[in-house]
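Good morning, and thank you for coming.

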Amino acid sequence: MANTLEDTKIRLATPDDADNIIEFLREHWIIRNHVFTRRRDLFDNCHLIEGRLTYLLAEGVETKKLYGILGYSFSNHNFDNPDISAVIFQTLKTSNPSLGIDMIQKLQELTNSRSLFCPGIIKKTKGIYDFLGYETGMLRHYYKLGKTDDFKIAHIESLPQKVQYPDVAYSIKRLETYDQVLDAFDFERFTEVMPYRDAWSVKQRYFDNIGYDYEVYGIFSDAGCEALFVGREIPCNGTAMFKVVDYLGEDEALAHAGAALDELLAARGWEYMDFYEHGIDDEYMEAAGFVQRVKKDVNIVPNYFEPYELSNVDIYYYTTWPGKYHIYRSDSGQDRPNFIEEIEE
């Protein structure tokens, strides 16, 4: 029997492709009613970046039908040689059985990206990225409990041991505007950190975004602002927690912020804060009083809130960069809203 499957070509999307991408999601995405099919403004906010529609497409040579989409996000404003994270990835059956692999490899080539990474890959696909020679693994999930015995969000059976904080203590201050961030933090000091997260990315992700309200905090030594961390408060079950989604600056600064984080937890009445990360040394996390959730942990620290689900969640990643690399929950659309009801018009 002759092969009737259509041949495809792979190319970068243009703004004119937006409607077709949204229709593709409506018809083929594994979970129905993807938020982008209901909120075009959210789609544009995430993927229409300075005239670029950040998707790679596989389309039929004859019909122009979409057979694959691969979204991506910039970690910095260097569009000529950027660090990018893969976001939404879906392919259909074609005459090319390796279409998915071809698209991943073509994404780096066509964007001329310095590095490509993705938290949120499906565990069973990990072997594909191993085959491609990428580093793969699982983000470490840390949590830090507030001073409460009445846990309504997390399920805590075993309380962690108290930590003796380092003698040198740093302070924490909320930076409520983008101008305050620019005044406090020297982004150029950290250009060698991979991937490079510049001031543009902070503005685009946390001040110009729609969907969630983020809080940006600076960690200060006597010399000035050593690091930034970003997160959002999540109300749930009559209380709230704080989800850290990004970190920029000196990793070691976190080790000196444990007492200040305790004060922040108490002042805001948060049940706990949690932090998915790859790249920060364990000793710094532990010095700040964070506890790593491990496999078969008796404690349950939820990750899903739309809807709320009392379960531990592992997040797997890949990166093409061979050296030290920082990956957080805000990358690859992991912190994108899912419920339209949660987005203010």
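**Pockets, cavities and the main sheet**

The second largest pocket has a volume of about 520 Å³. This is a predicted model, in which local features need pLDDT of at least 70 and side-chain atom pairs count only at pLDDT 80 or more, while totals for chains, interfaces and linings use all residues. Residues are numbered from 1 along each chain as its sequence is written, and side-chain values use heavy atoms, with hydrogens and water left out.

Let me state the terms. On a 1 Å grid over the protein atoms alone, a pocket is an open set of points with protein on both sides within 12 Å along at least five of seven lines; a cavity is a set where a 1.4 Å probe fits but cannot get out; and lining residues have an atom within 4 Å of a point. Grid points are joined across faces, edges and corners, and a volume is the space filled by probe spheres set on the points.

The lining of this second largest pocket comprises 19 residues, with L145, Q161, K162, Y165 and D262 nearest the centre. Two or more lining residues come from each of strand 9 (140–145), helix 7 (258–268) and strand 15 (291–293). Helices (H or I, at least four residues) and strands (E, at least two) are DSSP runs, numbered from the N terminus. By class, the pocket lining has 10 nonpolar, four polar and five charged residues. Here Ala, Val, Leu, Ile, Met, Phe, Trp, Tyr, Cys and Pro count as nonpolar, Asp, Glu, Lys and Arg as charged, and the others, Gly among them, as polar.

I turn to the cavities. How many of 30 Å³ or more does a search of the whole structure find? There are four. The largest cavity holds about 360 Å³ of space. Of its 20 lining residues, C46, S73, R205, S330 and G333 lie nearest the centre. Helix 2 (40–47) and helix 6 (199–207) each give two or more residues to that lining, and helix 2 provides the largest share, four residues. The lining of the largest cavity has nine nonpolar, eight polar and three charged residues.

The second largest cavity holds about 100 Å³. It is lined by 13 residues, and V193, R197, Y247, L248 and G249 are the closest to its centre. Strand 13 (residues 239–249) gives the largest share of this lining, three residues.

Seven strands form an open sheet of mixed pairing, in the order 1-4-5-6-7-16-8; two strands pair if DSSP finds at least two bridges between them. Strand 1 (8–12) and strand 8 (135–138) each have a single partner strand and stand at the edges, so one side of each lacks a neighbour in the sheet. Within the sheet, strand 5 (residues 66–74) and strand 6 (residues 83–91) pair in the antiparallel sense over six bridges. Y72 stands opposite A86 in strand 6.

Strand 7 (residues 115–121) contains C118. Is C118 buried or exposed? C118 counts as buried because its relative accessibility is 8%; buried means under 20% relative accessible area, exposed over 50%, and partly exposed in between (1.4 Å probe, protein chains only). C118 and Y317 are 199 residues apart in sequence and 5.3 Å apart in space, C-alpha to C-alpha.

Finally, in helix 1 (residues 18–28) the buried residues are A18, I21, I22, F24 and L25. The face of helix 1 turned away from this buried side carries the exposed residues D19 and E27.
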